[in-house]
Amino acid sequence: MEQTIERKKRIFSGMQPSGELTLGNYLGALKNWIKLQDEYDCMYAVMDMHAITVRQDPAELRRRSLDVLKQYMACGVDPEKSILFIQSHVPAHAELAWVLSCNTQMGELSRMTQFKDKSRKHADNINAGLFTYPVLMASDILLYQADLVPVGNDQLQHIEITRDVAERFNHRYSDTFTVPEPFIGKSGARVMSLQSPENKMSKSDPNPNGFILMLDTEDVIIKKFKRAVTDSDSEIRAGEDKPGITNLLTIYAAVSGKTVDEAAKEFSGMGYGTFKQAVGEAVAAELAPVRKRFDELSKDKAYVEEVYTKGAEMASRIAAKTLRKVYKKVGFIGR
Ligand code: TRP
């Protein structure tokens, strides 16, 4: 009997443990990752090697790497369904990055807007890793032959260069890599700062009232929403002329599973105070179980360790296959 086993498409994504995760990471990425787990073969990693392109305090980095992993799990990334691991635990990322860096042009890397932004921001530490960052990212993705990469808009240029590098390698050395596509989830909300809604919500906002951390307590969350900037009229509707209200409606919609229009209808005619309170409560209710699960995981070090150890083993096995092929094709002698 003939059997057709259809391979599920593979998804790869990850976040850098370079700061605390925010509501933006949750609504924009994590919530989506969880939904993808049944339909796809998902791999989610903590990108600690990327994080050291800017200076990190070693003890803090160690803590945050584990915290990020635990937050993936607390949100519902399930180690029984997805491969969860820490980037530096799989040496093949660095090994492939070397080969790919010899197949990437300086000119291509100089065009990366993130490199230009980060060089401006960290003018005292424009290191070579910051420059070759996209090559490491290409390695993350290509090692696992990922078909789809869920990322935010700010990472699209990195996916584009990953595709270029893969296509070039395939052309030069014969078919080796799956050429990945960016995966922009329909429901991935773009969450803006609560204090300056024309900017993306970011943990590096100097005003802590601008962002909600995934692990903020309910009181803090509600207080920050109460302080969110609105505008001088009193109409609850979305629109380009109303960035603050639009952001709150977007957040509410993402949390409640409603559309922005439905959310606007629900609050129409209400005062801003009541509206902000309601959004704050909805977000607090959504994040409370995440924080609870995070606390439980924090008490169970052995389990967390088991998850990332097994994850790295599984990831290494897949990565080794690709790396072996690559080494052979470029002319290295097999070991
Ligand atoms: N550069 C990504 C970011 O800053 C993180 C990242 C590193 C990543 N490697 C990746 C995301 C591979 C997706 C796939 O958000």
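**Entry 1**

A note to myself before I start: two residues are in contact when they have heavy atoms within 4.5 Å of each other. I also keep in mind that this is a predicted model.

I began with helix α4, residues 92-101, and looked up which residues it uses against helix α13, residues 301-330. From α4 I found Ala92, Glu95, Leu96 and Val99. Their partners in α13 are Ala319, Leu323, Val326, Tyr327 and Val330. Sorting this contact by class gave me eight nonpolar residues, one charged and no polar ones.

Next I checked how the two helices lie. Their axes are 10 Å apart, and the packing angle is about 25 degrees. Angles under 35 degrees count as roughly parallel, so that is what I call α4 and α13. I also noted that α4 passes α13 in a left-handed crossing.

**Entry 2: α10 and α11**

I then turned to another helix pair, α10 (residues 243-256) and α11 (residues 260-267). Here the angle is about 110 degrees, and the axes are 8 Å apart. The range for roughly perpendicular is 65 to 115 degrees, and α10 and α11 therefore go down in my notes as roughly perpendicular to each other.

Which residues meet here? On the α10 side I listed Leu249, Thr250, Tyr252 and Ala253. On the α11 side I listed Val260, Ala263, Ala264, Glu266 and Phe267. By class, I wrote down seven nonpolar residues, one polar and one charged for this contact.

**Entry 3: the two domains**

Last, I stepped back to the whole chain. Domain 1 covers 10-189 + 300-330, and domain 2 covers 208-295. I found their C-alpha centres 30 Å apart. The contact draws 15 residues from domain 1 and 16 residues from domain 2.

How much area is buried between the domains? I have about 1300 Å², with 74% of it from carbon and sulfur atoms. Within domain 1, I marked Leu23, Tyr26 and Ala74, which supply 38% of the area this domain buries against domain 2, more than any other three residues.

Technical notes. Residues are numbered from 1 along each chain as its sequence is written. This is a predicted model: local features need pLDDT of at least 70, side-chain atom pairs count only at pLDDT 80 or more; totals for chains, interfaces and linings use all residues. Side-chain values use heavy atoms; hydrogens and water are left out. Axes are lines fitted to C-alpha atoms, for helices over the stretch in contact, and angles run from 0 to 180 degrees between N-to-C directions. Helices (H or I, at least four residues) and strands (E, at least two) are DSSP runs, numbered from the N terminus. Angles under 35 degrees count as roughly parallel, over 145 as roughly antiparallel, 65 to 115 as roughly perpendicular and the rest as oblique. A crossing is left-handed if the near helix is turned anticlockwise from the far one by less than a right angle, and right-handed if clockwise. Ala, Val, Leu, Ile, Met, Phe, Trp, Tyr, Cys and Pro count as nonpolar, Asp, Glu, Lys and Arg as charged, and the others, Gly among them, as polar. Domain bounds come from an automatic or database domain assignment. Buried area is the accessible area (1.4 Å probe) that two parts lose on being put together, summed over both.
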